[in-house]
Amino acid sequence: MERTHMRRQVGLMRQSLFTQGFLDEQFIQLEELQDDANPNFVEEIATLYYCDSSKSLQTIEQALEKTPHDFNKLDNHMHQFKGSSSSIGAKKVKDECQQFREYCKAGNREGCMRTFQLLKKEHATLKKKLEAYFQMARQAGPLETASRPK
Amino acid sequence: MGVGAAEAQFHVLAVDDSIIDRKLIERLLKTSSYQVTAVDSGSKALEFLGLNDQDDQGTIAEAPSVSLNNQHQDVDVNLIITDYCMPGMTGYDLLKKIKESKFLKDIPVVIMSSENEPSRINRCLEEGAEEFFLKPVKLSDVHKLRPHMMKGTSMEDEADIKGVEEIQSPEKTRTQYNGFDVVS
């Protein structure tokens, strides 16, 4: 009974990550790659993302502190970061990355700085949510196969 | 040697500088039962393939029998899938080197990119890439790889040379081998 309740909670948590726009279809692709032989694939790749992307954020932060801004370099870094974020389905993060790149192309320093702060915030928010989700999922036991949100 | 096809998996060499994307492509390929080698650069890919990337001739440098690493002798790659944007050697550069190489040019190459740029796509296809996948790569993309791997595979040659009692590939589309029917 308890387990059923927990699974339902996990399901709702997962659902809200999609409906609130934190995650997109790509996350479902990841879930579909999970199987009995690789039961933790999604959590593994998300963990890898957070490890790798923290370094990227630091690099970008440092580059932003230099003046004048090297927009080309910033755009390159962000291209990479956007790529990984996109690969794990981190929708809001990806959208901020795109915005940042547009400001880079326009040479808009203020825009870049502002967007970067938003990006960091989204990145951190998603991290917390995913950690909570994975933890609860582990406690609840294996879920059914991935289902598409309505 | 009489190795049954059931044991011989297709081997894909994946090239991507992003650790996330390498993990993803590896999982995608393994899900489709391919053997995967993932490297993080074009030069590492060429090294794995036994081609010294400083030597464009592809003759002297490609002498697998004198390679210090015995593994290179048996390197059998059925398909190369590579990211386009990589520092140093791009996926396009890698594609060119492969197509210029006498030994490697028949290996099908697929390019992946996060940018949907028609000129980039055309350039790659003109240079000989079989497919161009937009990232993030999906399972449905990986399903498109199989026909490319079947083309020019040594399995086809073996079938001609020595008959195919030993080769039972469920994937082959040919319907008749020496009296044995193989249904795809």
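**Two chains and their interface**

Q26(A) counts as buried because its relative accessibility is 5%, where buried means under 20% relative accessible area, exposed over 50%, and partly exposed in between (1.4 Å probe, protein chains only). This is a predicted model: local features need pLDDT of at least 70, side-chain atom pairs count only at pLDDT 80 or more, and totals for chains, interfaces and linings use all residues. Residues are numbered from 1 along each chain as its sequence is written, chains are lettered from A and ligands numbered from 1 in the order in which they are written, and side-chain values use heavy atoms, with hydrogens and water left out.

Stay with Q26(A). This residue sits in helix α2 (residues 25-32) of chain A. Helices here are DSSP runs of H or I with at least four residues, strands are runs of E with at least two, and both are numbered from the N terminus. Contact means heavy atoms within 4.5 Å. Leaving aside residues up to four places away in sequence, Q26(A) touches S86(A), S87(A), I88(A) and G89(A) in chain A, and L24(B), P136(B), V137(B) and K138(B) in chain B.

One of those neighbours is S87(A). S87(A) lies in helix α4 (residues 71-87) of chain A. Is S87(A) buried or exposed? S87(A) counts as buried, because its relative accessibility is 2%. With residues up to four places away in sequence again not counted, S87(A) touches Q26(A) and L30(A), and across in chain B it meets I20(B), D21(B), L24(B) and P136(B).

Now take chain A as a whole. Chain A has six helices and zero strands. Its pattern along the sequence is α-α-α-α-α-α. The C-alpha trace spans about 60 × 30 × 20 Å along its principal axes. Of the 150 residues in chain A, 42% are buried. Among its contacts between residues at least 6 apart in sequence, 71% join residues at least 24 apart. The accessible surface is about 8400 Å², and 49% of that belongs to carbon and sulfur atoms. Such areas come from the Shrake-Rupley method with a 1.4 Å probe; for residues, only the protein chains shown count as cover.

Chain B is built from seven helices and seven strands. Read along the sequence, they run β-α-β-α-β-α-β-α-β-α-α-α-β-β. Chain B has 184 residues, and 46% of them count as buried. Of its contacts with a separation of 6 or more, 59% come from residues 24 or more positions apart. Its accessible surface is about 9500 Å², with 48% from carbon and sulfur atoms.

How do the chains meet? The contact draws 20 residues from chain A and 17 residues from chain B. About 1600 Å² is buried between them, and carbon and sulfur atoms give 63% of that area. Buried area is the accessible area (1.4 Å probe) that two parts lose on being put together, summed over both. On the chain B side, I20(B), K23(B) and R27(B) lose the most area to chain A, together 41% of what that side buries.

Helix α1 (residues 19-31) of chain B gives the largest share of the side that touches chain A, eight residues.
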